[in-house]
Amino acid sequence: MNRRSFINRTALLGGFIYLDNPADWTAIAGANMNEDWFSLFKSPPDIYKPFVRWWWNGNKVNAAELKRELGLLKSLGIGGVEINPIEFPPTAEDMDIPSLQWLSPEWIKMVKSSCEDAHALGMYNDLIVGSGWPFGMETLEEHERAQVLIVYAKEVKGPTVFATSAFNILQEVDPGVTIKNPLRKGEIISLHLAKNPMNSLDDAIDLSAQLGREDISVEVPEGDFYFYAVVRYTSFASVINGAPGAAGSILDHMNKAAVEKYLYNMSDTMQKQIGPLSDYLRALFHDSMELEGSNWTGDFGEEFKKRCGYDVFPFLPFIMFKVGRLGQVLDEHYGAEKSEEFRDTLSRVRFDFEFVKASLLKERFTDTYVEWCRNLGVKSRGQAYGRGFFRLKSSMEFDIPEGESWTTNYLWHKLGEEMGDEDYRRGRGYTMINKYVSSAAHLSGKREISCEDMTNTYLVFNTELELMKVGSDQSILSGITHSVMEGYNYCPPDVPFPGWIRYGSYVNERSNFWPYFHLLYDYKARLSTQLMNADQYADIAILPADFDLWANHGVQTEPFPEIADPPYTTLLWEAIHKTGGGCDYVSEFILKGSKVVSGKLVYGKRSYGVLFLVEVRSISEEALQKIRDMVKGGGRVYCIDHAPYKSLGYKDYKKRDERIRHLTEEIQKLNKGFKVVPKPIDNRVLEWYHQLQETEGLPQYLKIESPDRYFMQNRYIRDDGSEFYFFQNANRNIPYQAKIIFDKKIIGSRKMSIWDPEKGERYRLTLNRDAVFYHDFGPAESLMIVVDKNDNATLAPFNPLPNNGYHSVEISKNWKVNLHHSQTGQVSDIELDNLIDMKLDSRMETFTGTATYRKDITIENPQRTILNLGKVFGISEVIVNGQHAGVRWYGRRLFDITGLLQKGTNRIEVKIVTTMGNYVKTLKHNKA
C-alpha cells in the first residue's frame, strides 16, 4: 500500500480491506450508573463549547447579518463569540459598505443587538477592549501615548572633531515598529562620549551641555571611542490593525491615569446608551501586550529611584541594545565593548530596569484592568503575558487567563511532522507562554484557562481539521482547558470569493469543510466539560531563569522569542509530561509567597516535593531561604548546571551576593536533597530527564516505557476524587506503540474506562495484573482514560479497530472518480489506474471540492471486515452499497463495514473532501 506523505495536498492515496477475528462490537450504554460527569461529556452545555473570535472587519456590520452569522456559528457547535472589531482587510472588496466608528451610537447598537441575539440562542458574548493590539485610539493626548527610549551609538576614532546633527540621530533611531505613527516625536535626552572598551561609568564623558542643539560637535581625544545618544520617542507606534475609532496611537500602559481614562471612557459611553454591560457580556478581553518595545513613561525615572535606590539615568545608554520591530533585540553587543565586571554591573542595572517596568505594567495596567472588569460585574479575560510583563504573576490576577496556540506560521509550518530539540518552537502548536499562563491559573485556583487557539497566517486555505486537532490537543497538554478559536470573519454572503479574511483558518460557508467543522468543535467541547471541572495534577515545580534572561538579554519582545535562557527551558516541562509526570512553573514571587510543609513547597492548593532550578544564576535571599526550608524538610531541589550564586539587582549587590553564596553553601551541607546535575547535552532533554528520573526516583504517576518526543500526557483530578488522563500522539504520520504502566496504588479498586470525545461514547478498560495498558496510538490520535468508582461492567470493552488483519485485499487499483468542484460547480468524471496524490495528476492538481471514488468489489463470504483507506488528506466519508459507513477527519481512516457487505458484488464509494489551497493558487488576480 502506498504510505507516502505529501504535505499540504489532498488525496486518497491507497486503500485495502481486511478481515478481523469476529467479535461483538456493539457499545452498550451504562444506563444505571452515576451519569453526572458523563452526561456533561455526552451533551456539553454551550459554556464548554469552543468560543470563536469574531472579526468585525472594518466594523462594516449590520444587525441582520450579525444575527445570520450567529445562527451559523451556533449550528457549527460554537458556544460563544468574542466580538473583535478589526481593521478591514486591505485586499478585500468592501462592497461600498460604510464602517461604523468604535463607540459610536450606531456601533454600540450593533453590539447590543448582537449580544441579545446570541443570548436568544443560548450563546455567550465577550468583547475585546478597543481594537487590534495593543489598544489605543486616535484621540489620545500626547502624555497618554506610549513612549520608548532608543539608543544610538557611533564608533569614533580620535583625535578628531566628531560632528553630527539631532536630525541625523533621530533618523538613525526612528523606531522600527509595525505601523509608524505620523505623530511620533523624538527628543534626545542624553549624550555621552565613551571609551572603547569601557570599564565603568567613569569612562563616559557627559555631553549634556549640547542637548537641545541641532548641530552637535564633539572634540574627541586620541583613542577609540563611541558617541552615544539616548532618544525618547512619544507617540512612537500605532495600533496594529485597529478599526475606525480605535486605531491611531498606542496607549501608555504604564500611565495609570491614562489607562483608567481609556477603560472608563469605553464602559461609560456604552452603558450610558444600553445600560449595564454585565447584561450583555460574560467577559471583557484584551489581546497580547505586544507593546512594540515601549519601555518608558513620564515618571519612570522617579519610580526607578524610589524602588531601586539609585538613579538609572547615567546607565541608560549602556544597558540598552540595538532593537528593531516590536523592540526585538538585534544586537546585544551594540556600542563599546565592556569589561567583564562592567558587563555584570550593567546586567544588574538592566534587571532593575526591566523589573521596574514589569512592576509598573502590573500595577498600573493589569490591576487597573482587572478592577475595572470587577466594578462592571463582568469577568476579566486577558493575554496578560505582554512582552515585558511578569510572565507568570500577571496571569494570576485574571478571572480567565489566556494563552495562544498556532496552527501554522513561518515557525510552525511542520506541526505534527517535527519535534526537534534545536528550536523549542518548531513542531509545537502552543507558544512558550502557555505553560506560564496555565501554571498561573493552577496556582491561583482557576480551572478555566482560555486560549486564542489555532491562529493561522500561513496555510489558511490548506489547513485540515486534522492539523487543527493536533495543534489544539497540544494546547490542552500545555494546560489549556477552553478554546477561543481563531477565527470567524464577519462577511456578507454576496462578497466575492473568498470573502473578507483577516486571520485564522478558512472557516467560512464557502469552505469545503463547512459541513464538518462541528466534528472538531464537538470533540473539543466534550473535552472541556472535563478539563474545566478538574485540577491538572503536578508535584514538580520548575523555576526558569527568567530574571537572568532579563538581566543578560533584556525582555524578549517579539511574539515568539528567539532567545530562551537556557534554550531548553520549554523542553524540560515537556520531558516531565512525556515520562509520566506533571509539573508547573513557579517564580520568585511564588517561592516568596509559599509555605513549606513537610518538605513540600505549598502555594494555595498546589504542593510540590521536587523543584528544578533551570540554570538559575541570580536569586533573592528570601526565595533561597524557602528553598533551604524545603530541603531541610526533606524536599528535593535539582540545580541544573550550577547552584544560584548571585543576587538580583544592583544596589549593595556585593553584600547581597555574599549572603546568597553563604546560604547556598548552607543548603548544600544539609543533606542529599539539594543537588547540582549536569545540563542536557545538545538540548536532548527527553533522554536526559528520563535517565535522571530513573536514577533519582523522580515522581511519576504512571510509567511510559520508551518515551517519545511526540507522545505526551496530563493527569487531572476532580473534586470527588475521580480522575482522568489525556494522552496524545502528535505525530501526523507515524504511530506510537505505547506501553503505559499505571500506579496500582493510585488506581486502587477503582474502575477504568475510555471516553471517546469524538463520539461521546465510553468503553470499559481492563488492565492486566501489572496495571499495564498497551495501545497502538495512530497518527494524530488522542485518548482519555477515566478512573472512578463507577461500575463499568455494563460497558462494552475497549476494542479499537485494528490497523491490519489476517487476510488483506489490496483495492488501490482501477477506480472511477467523480470530481465536483465546490467553487465553479463543474462536474467531471475520470478513471485512475492507481490511487495517487492529486498533485501528480494534471486533471486533479488544482481541484477543490468533493472527489467521489467508486469501485465494485466481489466478496464471496462476508465476515468482519475493515476498510483502511491509508493516508488521506482532507475529510473521508465511506458508503457501502448505498449505506453510510461513517466519516473520518484525522489519523487512521479505518471503517468497520461489517454488515454493509453482501455476498457477490459490492459498491464502495469513498468521498474525499479536499483542501482549497491548490485551487486558490490559480486565482492570480484575486488579491485576497
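Predicted model: local features only at pLDDT ≥ 70, side-chain atom pairs only at ≥ 80, totals over all residues.
Helices here are DSSP runs of H or I with at least four residues, numbered from the N terminus.

**Second largest cavity**
- Helices α12 (546-553) and α14 (588-593) each supply at least two residues of the lining of this cavity.
- Its largest share, four residues, comes from α12.
- The volume of the second largest cavity is about 210 Å³.
- Of the 18 lining residues, Pro544, Asp546, Phe547, Ser587 and Glu588 lie nearest the centre.
- By class, this lining has 11 nonpolar, two polar and five charged residues.

**Largest cavity**
- The largest cavity has a volume of about 330 Å³.
- Its lining holds 26 residues, with Leu149, Gly293, Asn295, Val323 and Gly327 nearest the centre.
- At least two lining residues come from each of β6 (147-165) and α8 (340-376).
- The lining of the largest cavity divides into 15 nonpolar, seven polar and four charged residues.

**Helix pair α13 and α17**
- The axes of α13 (residues 569-578) and α17 (residues 685-696) come within 9 Å and cross at roughly 55°, which makes α13 oblique to α17.
- The crossing of α13 past α17 is right-handed.
- On the α13 side the contact is made by Leu571, Leu572, Ala575, Ile576 and Lys578, and on the α17 side by Val685, Leu686, Trp688 and Tyr689.
- Eight residues of this contact are nonpolar, none is polar and one is charged.

Methods
Residues numbered from 1 in each chain as written. Heavy atoms only, no water. Axes fitted to C-alpha atoms, helices over the stretch in contact; angles between N-to-C directions. Parallel < 35°, antiparallel > 145°, perpendicular 65-115°, else oblique. Left-handed = near helix turned anticlockwise from the far one by under 90°. Contact = heavy atoms within 4.5 Å. Nonpolar A, V, L, I, M, F, W, Y, C, P; charged D, E, K, R; others polar. 1 Å grid on protein atoms, 1.4 Å probe; cavity = no way out; pocket = protein on both sides within 12 Å on 5 of 7 lines; lining within 4 Å. Points joined across faces, edges and corners; volume = space filled by probe spheres on them.
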